[in-house]
Amino acid sequence: MQLLKDKLNIDFMGKRKPALILSCALIVVSLAAIPVRGLNLGIDFTGGTLVEVGYPDSTGLEKVRQALVSSGLENAIVQHFGTTRDVLIRLPVAESDRDKSSLSSKVIDALQPTGSPEVKRVEFVGPQVGGELRDKGGLAMLYALVGILIYVALRFEWRFSLGSVAALVHDVILVMGFFALTQTEFDLTVLAALLAVIGYSLNDTIVVFDRIRENFRRTRKDIPEATINESINQTFSRTLMTSITTLLVLFALFLFGGEVIHAFSIALIVGVIVGTYSSIYIASTSLLALKVSKEDLMPVAKTTGDGDGSQV
Amino acid sequence: MAVAPLNRYPLWKHLLILAVIMVLGLYTLPNLYPDIPAVQVSHASGKLDASTLPALQRALQEEGIEVHSEEQGNNRLLLRFTDTEQQLQAFEASKETLDGRHIVALNLAPSVPGWLRLLGASPMNLGLDLRGGVHFLLQVDMKAAGAKAINNYATSFRVNLREAKLRRFSVVHTGDEARVRFRDAESRAAGLEVLRKEYGNELDFAEEDSQDGYLVIAKISEETLREIQSLAIQQNIQTLRNRVNELGVAEPVIQQQGAERIVVQLPGVQDTAQAKEILGATATVEFRMVNEQSDPFEAAETGRIPPGSLLYYERDSRNPILLKRAVMLTGDSIINANSGFDENSLPAVIITLDGKGAARFSKVTAENIKKLMAVVFIDNKTVIINKDGEQIRKTVKSEEVVSVARIQEQLGKRFQIEGLDSTHEALKLALLLRAGALAAPVEIVEERTVGPSLGQQNIDLGKKSIVIGFILVMIFMVVYYRLFGIAADLALAANLVLIIGIMSLIPGATLTLPGIAGIVLTVGMAVDANVLIFERIREELRNGNSPQASIQAGYSKALSTIADANVTTLIAAVVLFVFGTGPIKGFAVTLSIGIVCSMFTAIMGTRALVNLYYGSRKSPRLAV
């Protein structure tokens, strides 16, 4: 079976202007959304207490809220989690409380009159740990990008390296923007998903780049736009196939994986879509913008020069 | 065209692929066996006596409890039972049979048959988010440890300076420094000499002249501070170990993390309030004189305890002992306790006291030379009570005599307890004394508890999403690439076996919920290599190449692309592993293993299948 016809010939690069405008618009929206709406950071990053309880029957939130308020826990955020039988209670870090970690016990005690729910999960993250996880997460992202920058520069050429990282930054910003706009909770698993998105998007980019390099070396004409277009067309059915299989499993994860990894699968789904698009329109367009040419890609010369061969 | 066949694998390659899959397949098998109830026995000293098993077997036989199977190793004993009722009965019986130094815990153990266990095969470790349990991250208050140390030094300064007949000085300590103020420069010089002589290699001294006197400022040296802090951590870990052992948790983890933190993981524990109470409480030691006039055995039997005395029991022998009511010294006066040797090279414990404690202790011991002194270790012990078939954990204060020694002379700031049986004994007593000394306070900075039902729910959901994702991808591949798709599907199945096999084989690898997500993601991404190859083969065919040449070219041209693409994903996974914590690390692990395995199965595995099917034909029609 084939989804696409044999000799695909879509003028991808011809549409790079409108694509660039679209990308810029999305980035602007995302960058604006992150500070304006703010990321709905989970307690992993903000610190705080989270208690998930399960009732035998569906339970109204008002009842739970009142029980908490009567125990002096006014600032608790109460919501259903997955089903109406499961209730999630979130509390910010209490500055005044000397023993911050005992808050969860207080919540559990307060809920006893509401029908002795089963405690399914308790999480407490101290403020300093939250700060550390936030810093560590940012650093992880940075190190991953630098590592990739170096690897691609070594295996390909600096223009490719810049192009792939531009695509990755684009993906990360858009996914984060999506999380800010939809106010989906951003926790540690989402951060992990974001790094997986980096891995996936890069995977996609490398495949296209590999073909671009191959075609540049083979072709006798030096028309970068045509060569890049040809490469994208040749790899397009693979790009589509892999995205489809990956999205298939991600939807399985989203639908059946449970509430805890909901946000994780959303991040990956958005990331895979954005990553597929960016490997064509950000990574490959960057190559054109950086004026990559046939000379840059000829098999490495014997001399270990700086690599920026003289342009014809 | 008389060329050697392009698409044939030598026999050894086929055998290698088969062998890898078979061996790792063998190690995935334990995961298929269900967990069954078990009782786990270990000893607080870490060494389990060989006689324990026969003794237990006898006891259980008498009670008519049927043991499914038993396993001994790693200084722990595992008895499996067919149902929870038998398990609970055996648990009670074991506790009655064995003394209090044995740790008896309820556990779930995989019912892996013996021949598999002989091969070292065991199921994957499950993270707390899958098996349920408590995870705590404790922060040791290092500032407090330093402040307490400087406080101790400050107290000692007064004693030392007074002993040196110096007068008219004052000692104050603030934060991390102690200030001694003298009236004039001469007495300061004399005082500094005294202090330098005593503490020169532990403290840094500086002089300062201010309007209200001549100051000596003492600070703990970098090295000493590091020592104090590492001791504070060790001390806390030891105390926590003791307590957790008492809790009867099957496979606890208590580890130092970084310079100031301790991770405590208690699988299966649900009552976090109780766990917190136990972890937060502090143990202490007390020194008391022994009442040598009365017979402790008589007192224990009749219950008539002489006035002014208290009845205690010795920790190991469980012999009764009568101690005087008055406390000579408490743990918070102990600065340090180390095991070492006395002048006759016999094992001993060397104890250092703070100034105040030393003064008091010296006075009391002077009055009691040639008499017996006992060390009492006080801790909160947890016992499990079986009430109406339900298990209730209860905390009780436990007071045990851990050492009895005769006072040979007046004791001061530094003294030693001699007459210990072995260096092991000395080490143990020193640990207990340190654990009983007031350790730096700990604070819980992170807690993650997962109830058992949620753990099981997570496992079920994880399994479901793997299976569904797997089937969807398989169907899609067959529909799209026909025969080649079947090869890819077989490779995918092999990939799953390899991931689980490797996860089961690596002792430190732990499967978490994000880890399951990592497996699901690899299922989707693993076929990428095959997609690349198959698309390339189609392309070669379209360009008019022969089927055999197309297969060959498809595999070889796609190879470097696959390698590059996977290495970069691996970079992201490794970074995630280094920076991630807990469950996130699990994601990085399964993702990395999955990527590496997929290279093997998708490239070598499918090639072997394709070669087997098409390799010997002249000009086959490829079903790709």
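The model is predicted, so local features need pLDDT of at least 70 and side-chain atom pairs count only at pLDDT 80 or more, while totals for chains, interfaces and linings use all residues. Residues are numbered from 1 along each chain as its sequence is written, chains are lettered from A and ligands numbered from 1 in the order in which they are written, and side-chain values use heavy atoms, with hydrogens and water left out.

**Where the chains meet**

Let us start with the interface. Here 65 residues of chain B are in contact with 72 residues of chain A; contact means heavy atoms within 4.5 Å. Together the two chains bury about 5,900 Å², 63% of it on carbon and sulfur atoms. Buried area is the accessible area (1.4 Å probe) that two parts lose on being put together, summed over both. B:Tyr480, B:Asp564 and B:Phe579 supply 11% of the area that chain B buries against chain A, more than any other three residues.

Some of the pairing is between charges and polar atoms:

| Kind of pairing between chain B and chain A | Count |
|---|---|
| Salt bridges | seven salt bridges |
| Polar contacts | 20 residue pairs, both at pLDDT 80 or more |

A salt bridge is a side-chain nitrogen of Lys or Arg within 4 Å of a carboxyl oxygen of Asp or Glu. A polar contact is a pair of N or O atoms within 3.5 Å; within protein, one must be able to donate a hydrogen and the other to accept it, and residues adjacent in sequence count only if both atoms are side-chain atoms. You can look up a salt bridge between B:Arg536 and A:Glu214, whose closest N and O atoms are 2.6 Å apart. Helix 14 of chain B gives the most to the side of chain B that touches chain A, with 17 residues.

**A nonpolar patch on chain B**

B:Val478, B:Leu483, B:Ile486, B:Leu490, B:Leu609, B:Leu612 and B:Tyr613 make a nonpolar surface patch of about 580 Å². Patch residues have over 30% relative accessible area and no salt bridge, with nonpolar side chains joined within 5 Å and like charges within 9 Å. Helix 13 of chain B gives the most to this patch, with four residues. B:Tyr613 lies in helix 16 and is partly exposed, with a relative accessible area of 41%.

**A lysine on chain A**

A:Lys7 sits in the segment before helix 1 (16-36) of chain A. A:Lys7 is exposed, at 61% relative accessible area. Buried means under 20%, exposed over 50%, and partly exposed in between (1.4 Å probe, protein chains only). A:Lys7 and A:Asn233 are 226 residues apart in sequence, yet 8.3 Å apart in space, C-alpha to C-alpha.

Notes:
Accessible areas come from the Shrake-Rupley method with a 1.4 Å probe; for residues, only the protein chains shown count as cover. Helices (H or I, at least four residues) and strands (E, at least two) are DSSP runs, numbered from the N terminus.
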